[in-house]
Amino acid sequence: MSDADVTADDTVLCERRGAAGLITLNRPKALNALTLEMVRAMRRALDAWATDPAVTRVVVQGAGERAFCAGGDIRRIHEEGSAGRYAEAETFFREEYELNALIQRYPKPYVALIDGIVMGGGVGVSLHGSHRVAAERTTFAMPETGIGFFPDVGATHALPRLPGFVGTYLALTGERIGQGDVLAFGLATHAAPASRFPEIRDALSQGGPVETAIGASEAPAPGPLHAERALIESCFAADSVSEVLARLDAAGSEFSKKTAATIRTRSPTSLVLALAQMRRGAGLSFPEAMRLEYRILCRILRGHDFYEGVRSVLIDRDGKPDWQPATLEAVRPDDIEAHFAPMPGEPSFT
């Protein structure tokens, strides 16, 4: 790829700058949310740069100051699935997950410069790379249980490996955390002010050692979640969502009350799925985790809560989802287990 190579619609810019392959997610008005076209453009660039000796590292950034990438194009997926066009929706997720798997095994340093919101699909194109630099505006979340979905894009592999069941907390609650906690829990490898990102990008382009180009972390103090890590571990180690809630209720702190109240607004099916996913993911390789996510995804697209959650949160914005079933007690173990069953012809993600 030459210095002038960009995608046709410019929603993602892929260019070579010196020794670096530079990817810019370029939908700032849409918080750089991923479309299928963007996923494909990133894949083409990464495939080309993997074997290009002139490119010795990849740098990924988001346009604008509000978001690195706030997720995928959920409205479009909602429209496709609601119309029964499941194959179209599955194509987006399959190719997105294949991109996540490519990033995780990429043969060259992959540096994500994260400023602003990083959620859902944005996590998938940053968290699995070798270097993740978080700026002061970084806001990380996996909010999927709030729309009847589940933490995907490799969360099955990554979140269970965070210390002290913090990953389970993030998966169930969907709560946002900032730069200090992102760094403290290992979701980022480095921290730097956004004002330094142009300098870091230029240094990476010059081809010197990646660690030298990024520089020492200007680490903030751990955020408020870090102070609650003992409570999180004691509550989120439970074997069921109901027991997690019981332990939070018994703790009686302001944090535990707020956390329990948040969980009780989420889709019961998504909560039970997410907890089972976190427990299984701890023992899976990355390709195995992605296959599991693809199985869950295909079943969720044929269910109820995802469409109801998107309607409530993103379309009508009434905040009154009609979850089915409506309670944790009504979620049937057999129905959850069915989400994990192998599928014929499923992708390998290797």
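Where pLDDT is low, the predicted coordinates should not be read in detail. For the protein chain, mean pLDDT is 95, and 97% of residues reach 70 or more.

This is a predicted model: local features need pLDDT of at least 70, side-chain atom pairs count only at pLDDT 80 or more, and totals for chains, interfaces and linings use all residues. Residues are numbered from 1 along each chain as its sequence is written, and side-chain values use heavy atoms, leaving out hydrogens and water.

**Pockets**

A pocket is an open set of points on a 1 Å grid over the protein atoms alone, where a 1.4 Å probe fits, with protein on both sides within 12 Å along at least five of seven lines; lining residues have an atom within 4 Å of a point. Volume is the space filled by probe spheres set on the points. In the table, Ala, Val, Leu, Ile, Met, Phe, Trp, Tyr, Cys and Pro count as nonpolar, Asp, Glu, Lys and Arg as charged, and the others, Gly among them, as polar.

| Pocket | Volume | Lining residues | Classes |
|---|---|---|---|
| Largest | about 870 Å³ | 34 residues | 17 nonpolar, 6 polar, 11 charged |

Ala70, Gly72, Ile74, Met119 and Leu314 lie nearest the centre of the largest pocket. Its lining takes two or more residues from each of helix H2 (74-82), helix H3 (86-104), strand E6 (117-119) and helix H16 (305-315). Helices (H or I, at least four residues) and strands (E, at least two) are DSSP runs, numbered from the N terminus.

Helix H17 (333-339) is among the elements supplying at least two lining residues. H17 gives the largest share, 4 residues.

**Aromatic pairs**

The whole structure holds 10 aromatic pairs. Rings of Phe, Tyr and Trp (its six-membered ring) pair if their centres lie within 6.5 Å; planes under 30 degrees apart count as stacked, over 60 as edge-to-face and the rest as tilted. Phe149 and Phe306 have ring centres 5.3 Å apart and planes at 50°, so this pair is tilted. The two residues are 157 residues apart. Phe149 is buried at 3% relative accessibility, and Phe306 is buried at 1%. Buried means under 20% relative accessible area (1.4 Å probe, protein chains only).

Key: pLDDT is the predictor's confidence in each residue, from 0 to 100. Buried means under 20% relative accessible area, exposed over 50%, partly exposed in between (1.4 Å probe, protein chains only).
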